[in-house]
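Trainee: I have a model open on my screen, and I would like to learn how to read its packing. Could you take me through it?

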Amino acid sequence: MSENSIPPNPMPKGDGSVLEYRFSKQLKRIQTQFLYVNGINTPPEVHQNIAILISSITQTPVTGVYNATDGMLGDLKQCVGDWVRIFASQIGEEGFFRDRLSESAITSMASTSVAGRISAPYLHALREAWIAPSDIKPAKKAVEEVRKGLGRNAAALSLFDEITRNLKRPKIIVAHSQGNLVTSFALWAVQAVYGTGGMANLQVRSISSPSPAWPRGINHRIKVYGQKDDLVTWCDPKNWIGARSAGFWRIYFGDNPKDVRGGKVIAPHDVKYNIERTSLAQRLRSDAK
């Protein structure tokens, strides 16, 4: 095997497996860590191949977080559950909990009822967890509680652990399809423990995303790529009316040629297709500079 040929790469063994993939033995050494989270119904060898492809584009090692398949029906069931939880998190962040967890609101509750007085310390702790800067180490109990909540999704838990192992290291997460739900789920957990500052060094390159929302802390650091013919992207309500506000996210649609529409309906959702048909590859090369 020549020095420039693809070296042996590991195969993920189970849900939440975290492994490093390399296109070559000679790769750039940069501070930024690239992570890849695969989508629905993805066999281990496909996860490996795409991680190596991203490594070839960035010329850096890629850390793969394997979202193991439980069959199409099992994966869809998990997708629906994660979608609902993420949507509920967005509702909470944008209105209900944000208003009711203000300092004045908590103080008012504590002064008007016994239940308010009992719950006030816990509400203050929750508020502090949301706004805590990333350089403050959270209480061990808070981390353990969040990890327990993520435990039902092994890939999300592994991604959370990989992100929080070193919050100061820049990271770019490439997420495809269901991998966006996994990533969003993990990022909500990061924000719950470390506040929005916990995502200061994170960016997301989102491919064919069904995720209905992302936490506020990742705003302005996420780029969304997809195809207009991909029905999965319509699970994101923002695509129903094109409601992507200026400076928030931008979606880069590919050209989606007519020959793809002629019976090959999966092609617009395919991760490799989207890397090749959008400006994502160019973006990743720029990210790796």
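This is a predicted model: local features need pLDDT of at least 70, side-chain atom pairs count only at pLDDT 80 or more; totals for chains, interfaces and linings use all residues.

Trainee: Let's begin with the overview. How many helices and strands does the protein chain have?

Mentor: The protein chain has 11 helices and 7 strands. Of its 289 residues, 48% count as buried. Among contacts with a separation of 6 or more, 73% join residues 24 or more positions apart.

Trainee: What should I look for when I search for a core?

Mentor: In soluble globular proteins, nonpolar side chains tend to be buried together. Here the largest nonpolar core has 29 residues, and the members that touch the most others are L150, L159, F160, I163, L187 and I218. Elements giving two or more residues to this core are β2 (33–37), α5 (140–150), α6 (154–164), α7 (178–194), β5 (202–207) and β6 (222–226).

Trainee: Which element gives the most to this core?

Mentor: That is α7, with 8 residues. Take L187 as an example: beyond its neighbours within four places in sequence, L187 is in contact with I163, M199, L202, V204, W214, P215 and I218. There is also a second, separate core of 19 residues, and Y36, I57, I172 and L284 are included in it.

Trainee: Now the helix pairs, please. How do I describe two packed helices?

Mentor: Two packed helices are described by the angle between their axes and the distance between the axes. For α6 and α7, the axes come within 8 Å and cross at roughly 50°. The two helices are therefore oblique to each other. The crossing of α6 past α7 is right-handed.

Trainee: Which residues of α6 and α7 make the contact?

Mentor: On the α6 side they are A155, A156, L159, F160, I163 and T164. On the α7 side they are V182, T183, F185, A186, L187, A189, V190, V193 and Y194. Sorted by class, this contact has 13 nonpolar, 2 polar and no charged residues. You have already met L159, F160, I163 and L187 among the core members that touch the most others.

Trainee: Can we try another pair?

Mentor: Look at helix α1 (residues 44–58) and helix α11 (residues 280–287), which pack at an angle of about 60° with their axes 8 Å apart. That makes α1 oblique to α11. In this contact, I54, I57 and T58 of α1 meet A281, L284 and R285 of α11. By class, the residues divide into 4 nonpolar, 1 polar and 1 charged. Two of the names, I57 and L284, belong to the second core.

Trainee: Let me zoom in on single residues. Is A155 buried or exposed?

Mentor: A155, found in helix α6, counts as buried at 0% relative accessibility. Not counting residues up to four places away in sequence, A155 touches D15, G16, V65, Y66, N67 and V182. The C-alpha atoms of A155 and V18 are separated by 8.7 Å, although the two residues are 137 residues apart along the chain.

Trainee: Where does G226 lie?

Mentor: G226 lies in strand β6 and is buried, with a relative accessible area of 0%.

Trainee: Last topic: what can I learn from the backbone angle phi?

Mentor: Most residues other than glycine have a negative phi, and most peptide bonds are trans. Against that background, look at Q59, whose phi is positive, near 60°. Q59 lies in the loop between α1 and β3 (62–65) and is partly exposed, with a relative accessible area of 30%.

Trainee: What is phi of S177?

Mentor: S177 has a positive phi too, near 55°. This residue is found in the loop between β4 (171–176) and α7, and at 4% relative accessibility S177 counts as buried.

Notes. Residues are numbered from 1 along each chain as its sequence is written. Side-chain values use heavy atoms; hydrogens and water are left out. A nonpolar core is a set of buried Ala, Val, Leu, Ile, Met, Phe, Trp, Tyr and Cys residues joined through side-chain atoms within 4.5 Å. Buried means under 20% relative accessible area, exposed over 50%, partly exposed in between (1.4 Å probe, protein chains only). Helices (H or I, at least four residues) and strands (E, at least two) are DSSP runs, numbered from the N terminus. Contact means heavy atoms within 4.5 Å. Axes are lines fitted to C-alpha atoms, for helices over the stretch in contact, and angles run from 0 to 180 degrees between N-to-C directions. Angles under 35 degrees count as roughly parallel, over 145 as roughly antiparallel, 65 to 115 as roughly perpendicular and the rest as oblique. A crossing is left-handed if the near helix is turned anticlockwise from the far one by less than a right angle, and right-handed if clockwise. Ala, Val, Leu, Ile, Met, Phe, Trp, Tyr, Cys and Pro count as nonpolar, Asp, Glu, Lys and Arg as charged, and the others, Gly among them, as polar.
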